[in-house]
Amino acid sequence: MHAECFCGNVIIEIDGTPDWVSYCHCRSCRKATGAPVAAYASFKNNVLSTKSGALKFYESSPGTKWGSCSICNSPVTYQSSKYPNDTHFHLITIDAHESLRPHSHVHFEEKVSWIDIADDYPTYDGSGPDE
Ligand SMILES: [Zn+2]
Ligand SMILES: [Zn+2]
């Protein structure tokens with residue numbers, strides 16, 4: 001499978017399965033995406049290879065980097081020095097996202113009040129037990 005930005009400039013091949021797939025309701029993810037909730041799949045860095053383009057990075061705090069396309073600006077990745085071997089991809093950038101369903105909600109304490117969650121996946125305050 002592969003991840004691709006909005007315009008197709010950035011293409012990253014992913015040769016592996018995700019360690020973690022989840023929604024994140026934190027304020028940072030909302031601001032970084034412009035969406036009320038973000039969804040991610042996290043992969044080990046050693047299964048990733050860039051096929052086209054290059055990400056540009058915004059460092060919102062020391063060790064927290066948000067990768068986006070330098071042409072279309074669409075968000076593609078999140079990386080934290082807390083998880084140095086992992087890259088979180090915005091789930092919707094991945095071609096196989098339909099088969100990578102989120103299975104939890106993290107930072108649920110920050111959820112916007114006008115989002116109603118109708119699934120039965122576990123909810124966690126903070127980053128949850130899987131990370
Ligand atoms: Zn792009
Ligand atoms: Zn978040």
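The radius of gyration is taken over C-alpha atoms, and the globule rule is 2.2 Å times the number of residues to the power 0.38. I applied this rule to the model, which is predicted: local features need pLDDT of at least 70, side-chain atom pairs count only at pLDDT 80 or more, and totals for chains, interfaces and linings use all residues. I noted that residues are numbered from 1 along each chain as its sequence is written, and that chains are lettered from A and ligands numbered from 1 in the order in which they are written.

**Entry 1: overall form.** For 131 residues, a compact globule would have a radius of gyration near 14 Å, and I found agreement, because the protein has 14 Å. I recorded that the C-alpha trace spans about 40 × 25 × 25 Å along its principal axes.

**Entry 2: elements.** I looked up helices (H or I, at least four residues) and strands (E, at least two), which are DSSP runs numbered from the N terminus. The protein has one helix and 10 strands. From the N terminus on, I read their order as β-β-β-α-β-β-β-β-β-β-β.

**Entry 3: burial and contacts.** I took a residue as buried if 20 or more other C-beta atoms, placed from the backbone, lie within 10 Å of its own. Buried residues make up 31% of the 131 residues. Two residues are in contact if their C-beta atoms, placed from the backbone, lie within 7 Å. Among contacts between residues at least 6 apart in sequence, 58% join residues at least 24 apart.

**Entry 4: Val-21.** I located Val-21 in strand 3 (residues 20-24). Why does Val-21 count as buried? Val-21 is buried because 21 other C-beta atoms lie within 10 Å. Leaving out residues up to four places away in sequence, I found that Val-21 touches Tyr-40, Ala-41, Leu-91, Leu-100, Arg-101, Pro-102 and His-103.

Conventions:
Buried ≥ 20, exposed ≤ 12 C-beta atoms within 10 Å, placed from the backbone.
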